[in-house]
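Please examine the sequence and the three-dimensional model together before reading on. The explanation below is meant to be followed with both in view.

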Amino acid sequence: MKFGTKAIHAGQEPDPTNGAIMTPIYQTSTYVQDSPGNHKGYAYARGKNPTRDALQKCLAALENAQQCLCFSSGMGAIDAVIKLLQPGDEVITTNDLYGGSYRMFTKVFAKFGIKFHFINMTDASNIKQYINANTKMLWVETPTNPTCQIIDISACANIAKENNILLAVDNTFASPFLQNPLDMGAHIVMHSVTKYLGGHSDVIMGALCVNDASIYEQLSFIHNSCGAVPGPQDSFLVLRGIKTLHIRMERHCYNGKIVAEFLRNHPKVDKVYWPGFTDSPNYEIAKKQMRDFGGMMSFTLKGDSMEEAFAMASRTKVFSLAESLGGVESLIGHPASMTHASIPKEERLKVGVTDSLLRLSVGIEDIEDLIDDLKQAIG
Ligand SMILES: *Cc1c(COP(=O)(O)O)cnc(C)c1O
């Protein structure tokens, strides 16, 4: 089956009792057993729920994965991955990481004795010098947030294979419509389902997709033992949202390209970070590993003034000033004070997250209205 058909049908069968075409919201915590241990595969809803099962199967199909586990948030999913490790283990990750991941790695897991190296991975050959006998995992985000740097997933997979370590990819920015890291040799794909997958800014959820049975067993054990599972109502909303993922993504990409080009040609705009410019760093890698370039981008204004960036962000009317991304509605954000506030200033400046940088999540409204809004807001 192709992508759009999987988005609509994978994991979902008409209800056997009445033919309902949509998977019902199984709002139950437990299931009746005929005799102790003799049940229909469902014992307690932390472990298994039919609405969540349908969603997990659908997501696995979209990522070309054998298995998927859904979590109560993206951070809950990342937490489960890092719990695969032991004290003394080391992780190599990017220096342009989602702020919440950086905070979890440095403030939660560092105190349990796990060491994180935050490095520039845009040249994958840079990774090797940080590998030692304790290295157990590469944690990659691509495109990175917010400066849309591209990291070569296949090159990272080769390094992981040579050194017998895990490669985990946070695929939130691309969504499975644009990129499938397991096909390029990653072991674990993580999503903040909150973003493009849910797509309607009404659910917080995370997911992990894997092919390897032993990694799945370990993650599934952590999933049930630690319990960061999503509820059936949220699972239903995401199943519904995913049915239009391919259509939404096409429009995000179409609008994204026009907005990126508009910004680049605007006399008051300085830098524009969007992976689809032919002169962007690693453009050839982006073209190789992504099917299109998406609707996420960031830019700075000439003069680099925080006041002007703030003023612009508060003048937009169609673009709402808000955290998050990937919904149908366009959003504008100021990473230094919002999504990346937990990253120290000297660290964020190194990767271009200056005080005036603004990030856009270009939605699927009519492009004329988006351009008009940016025009009046930049002034
Ligand atoms: C939002 C986000 C997360 C965290 O996901 P939540 O659903 O908010 O917990 C992780 N990684 C990236 C790239 C994100 O954008």
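The paragraphs that follow treat a helix, then the salt bridges, and then a charged surface patch. The model is predicted.

The account begins with helix α2, which spans residues 50-62 and holds 13 residues. From its first C-alpha to its last, the helix reaches 19 Å, close to the 18 Å expected at 1.5 Å a residue. How many residues of α2 are buried? The helix is mostly covered, with 12 of its 13 residues buried. The buried residues include the charged side chains Arg-52 and Asp-53, and among the others are Pro-50, Leu-55, Cys-58 and Leu-62.

Attention now turns to charge pairing. Side chains of opposite charge can pair when their charged atoms come close. The structure holds 8 salt bridges, and several of them are described here.

One of these joins Glu-261 and Lys-257, with a distance of 3.3 Å from N to O. Both residues belong to helix α9 (residues 245-264), where they lie 4 residues apart, about one turn of the helix. Glu-261 is partly exposed, with a relative accessible area of 34%, and Lys-257 is likewise counted as partly exposed, at 42%.

A salt bridge also forms between the side chains of Arg-264 and Asp-279, at 3.0 Å from N to O. This pair links distant parts of the chain: Arg-264 lies in helix α9, while Asp-279 lies in the loop between β8 (269-273) and α10 (283-289), and the two are 15 residues apart.

The side chains of Asp-355 and Arg-348 meet in a salt bridge of 3.2 Å, N to O. Salt bridges that share partners join Lys-345, Arg-348 and Asp-355 into one network.

Which residues form the negative surface patch? Asp-366, Glu-368, Asp-369 and Asp-372 make up this patch. Asp-366 is located in the loop between β12 (358-361) and α13 (367-378). With a relative accessible area of 45%, Asp-366 is partly exposed.

Note on methods:
Residues are numbered from 1 along each chain as its sequence is written. This is a predicted model: local features need pLDDT of at least 70, side-chain atom pairs count only at pLDDT 80 or more; totals for chains, interfaces and linings use all residues. Side-chain values use heavy atoms; hydrogens and water are left out. Patches are made of residues with over 30% relative accessible area and no salt bridge: like charges are joined within 9 Å, nonpolar side chains (Val, Leu, Ile, Met, Phe, Trp, Tyr) within 5 Å. Accessible areas come from the Shrake-Rupley method with a 1.4 Å probe; for residues, only the protein chains shown count as cover. A salt bridge is a side-chain nitrogen of Lys or Arg within 4 Å of a carboxyl oxygen of Asp or Glu. The place of a charge is taken as NZ of Lys, CZ of Arg, CG of Asp or CD of Glu. Buried means under 20% relative accessible area, exposed over 50%, partly exposed in between (1.4 Å probe, protein chains only). The expected span of a helix is 1.5 Å times one less than its number of residues.
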